[in-house]
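Please read the points below against the coordinates.

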Number of protein chains: 2
Amino acid sequence: MSLILALDFGGTKLSAAVLERGQKRWRALERAPSRPHATAEDDLSLCSHLAAEVLAGARPAAVGVSFGGPVEAVRGVVRLSDHVLGWEDYPLKDHLGDHFGAGVSVDNDANTAALGEFTYGAGRGCDSLLYVTVSTGVGGGWVLGGRVWRGHDGMAGEIGHTLADANGPRCYCGKRGCVERLASGPYLAAHARELLGTQPEAGEKLRALVGGDVEAVTAKHVAETAARGDALAREVLERAAWALGVGLGNAANLMNPERVVLGGGVTKSGERYWRVVREVARATARSQIRLEIVPAALEDDAPLWGAVALAEGLLAPSPAS
Amino acid sequence: MSLILALDFGGTKLSAAVLERGQKRWRALERAPSRPHATAEDDLSLCSHLAAEVLAGARPAAVGVSFGGPVEAVRGVVRLSDHVLGWEDYPLKDHLGDHFGAGVSVDNDANTAALGEFTYGAGRGCDSLLYVTVSTGVGGGWVLGGRVWRGHDGMAGEIGHTLADANGPRCYCGKRGCVERLASGPYLAAHARELLGTQPEAGEKLRALVGGDVEAVTAKHVAETAARGDALAREVLERAAWALGVGLGNAANLMNPERVVLGGGVTKSGERYWRVVREVARATARSQIRLEIVPAALEDDAPLWGAVALAEGLLAPSPAS
């Protein structure tokens, strides 16, 4: 019996899971929050602890790893983490290979999530897929012809920093009107707070939901009150949906993937949000392009399932297509 | 000795060329303009005549074909031609296969040009490439991991209809501010004519070049006088370069190709044009992306060389990467 070990080094939490090769259910899964001010060493030690628990003395045949930050996938070297110190140029693949005595494959979480949805989730049966997650940021990953497409510098999938509105507000990256600047949760919430500040009569339901504390408004509050008819919240949410739709339509024109899978907290903003995203993407893409935009199926577990797919790839390289 | 026959059904002209397998020089090449009001049958007959000339009685080992319009590449069926009647759903691959008694591979001209530059031109030595041609329209083709990426509906590479400016002028496709609407030759010239009409004092050199006949202004006139310091011509050319740069930067963020190859008449607009294209693309793409934008090397012959590469692929399928 072949065991696959899947590890997910997220920004704020770590997960380890084990399954028998070919199965679709975890045999064991453990999660733990990353300690505040943790270092890479802390995370590795916690991860090794979680892995020992789920392995229960068994040895994995292969290990797949999702990492929440830029990774040189081929060499399995972490470039850095935005959340945790000490990851700079860390040879994660070699370290884990020594530790577990098994083959290890590592990729960043956008790519593993894309691969997870492709292999086990909303992308099953497709030949190509664009996965986009909309939460704190807007990130993406490609699977083309059954393989993750990482790009020459490992930077493919940066849909969040494509332009939706060249005259839009300034993004932290320096440009104006990036998809992320208009569609991500924090920026969307900031837009709502700004409008609440300048339009004292508007956004009644949104104000009520936060007890008048405008600074407490989050993207979730916006989605909730938009669904209940708050005009200001709807305006904010629709602009975010518009920007995402433009980004997806542009991506469809460039790559024409078979399916687009959307995950992340902001995409749980209700029917109206989805309608605008789909309509704008449809209008932006050429009419000959079939455009299927569907919700992610695996959500938070997508990177872990992608790690399984990475490990499977080590055991049985798929035949040349 | 293996002979490869390459055919190019362009919008206004037909070409046939023959080379010995593995060689980099044509053994024979013939071109002829497509007759005005020609039908598909006329083009096929002319092409068969040109092919007979270059083959000089020999039989080709394989035939590669570039077609100036949408093609179902796998089946080798032409969907339609914008220029020539009678091509709707035409089984070009089967027809030519019967005619020449050899394997035939067909693709549209954006893809064959991309493949041509990749294999024999400015993309040699790359793993991935975006080819963009800027002339009457703005079209593109991808080579990823050594293969043409066509997309699920054969529509990949439509960079001309990605958005550069959501508030820009209306494109014939119905959207506003498409890259093609801002960067193509005819639209660029129309922009110049418009400014000449509304600014009677401006564009002195441009007016002089066309002898005061504003309606005669073409993209070439704009480029020529921009190079000679005409402020109006520069403004027009720089907006076109800006739009192309945005499109390329967005494409780089999404796919991170190793190289971008630019061809087509408008890209011969001089140093200033290239500087703006490169600067805007660089500013639009994330800083971690190395971005190499180079001129096409094969120009009008790129589709023909791509046809050679298609035919080579029939003879010796490249080993799985």
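1. Basis. This is a predicted model, in which local features need pLDDT of at least 70 and side-chain atom pairs count only at pLDDT 80 or more, while totals for chains, interfaces and linings use all residues. Residues are numbered from 1 along each chain as its sequence is written, chains are lettered from A and ligands numbered from 1 in the order in which they are written, and side-chain values use heavy atoms, with hydrogens and water left out.

2. Symmetry. Chain A is superposed on chain B by a rotation of 180° with 0.0 Å of shift along its axis, at an RMSD of 0.0 Å (least squares on the C-alpha atoms of residues with pLDDT of at least 70 in both copies). This is the relation of a two-fold axis. Both copies use the same surface: 100% of the contact residues of chain A recur in chain B. Contact here means heavy atoms within 4.5 Å.

3. Sheet of chain B. An open sheet of five strands has the order β3-β2-β1-β4-β7 (chain B), with mixed pairing. Strands are DSSP runs of E with at least two residues, helices runs of H or I with at least four, numbered from the N terminus; two strands pair if DSSP finds at least two bridges between them. The edges are β3 (28–33) and β7 of chain B, each with a single partner strand, so one side of each has no neighbour in the sheet. On average, neighbouring strands are turned by 15° against each other, direction ignored.

4. Pairing within that sheet. Strand β2 (residues 13–20) of chain B pairs with β3(B) in the antiparallel sense over six bridges; B:Ser15 has B:Arg31 in β3(B) as its bridge partner. Strand β4 (residues 62–67) of chain B runs parallel to β7(B), joined to it by six bridges, and B:Gly64 is bridged to B:Ser105 in β7(B). In strand β7 (residues 103–108) of chain B, five of six residues are buried (buried: under 20% relative accessible area, 1.4 Å probe, protein chains only).

5. Helix on the sheet. α2(B) lies across β1, β4 and β7 of chain B and runs at about 145° to β7(B). Axes are lines fitted to C-alpha atoms, for helices over the stretch in contact, and angles run from 0 to 180 degrees between N-to-C directions.

6. Helix pair in chain A. Helix α3 (residues 109–120) of chain A packs against helix α10 (residues 302–315) of chain A at about 80°, with the axes 6 Å apart. α3(A) is therefore roughly perpendicular to α10(A) (65 to 115 degrees). Among the residues that meet are A:Leu115 and A:Tyr120 in α3(A) and A:Trp305 and A:Leu310 in α10(A).

7. Rings. Twelve aromatic pairs are found over all chains. One of them, A:Phe9 with A:Trp87, is edge-to-face at 5.5 Å centre to centre and 85° between the planes (Phe, Tyr and six-membered Trp rings pair with centres within 6.5 Å; planes over 60 degrees apart are edge-to-face). A:Phe9 lies in strand β1 (residues 3–9) of chain A and A:Trp87 in the loop between β6 (77–78) and α2 (92–100) of chain A, 78 residues apart. A:Phe9 is buried at 2% relative accessibility, and A:Trp87 at 1%. Ring pairs join A:Phe9, A:Phe67, A:Trp87 and A:Tyr90 into a cluster.

8. A:Asn250. This residue sits in helix α8 (residues 231–255) of chain A and is buried, with a relative accessible area of 3%. Neighbours within four places in sequence aside, A:Asn250 contacts A:Leu163, A:Thr284, B:His161, B:Thr162, B:Leu163 and B:Asn250.

Key
Buried < 20%, exposed > 50% of the residue type's maximum accessible area, 1.4 Å probe, protein only. Phe/Tyr/Trp six-rings, centres within 6.5 Å; stacked < 30°, edge-to-face > 60°. Parallel < 35°, antiparallel > 145°, perpendicular 65-115°, else oblique.
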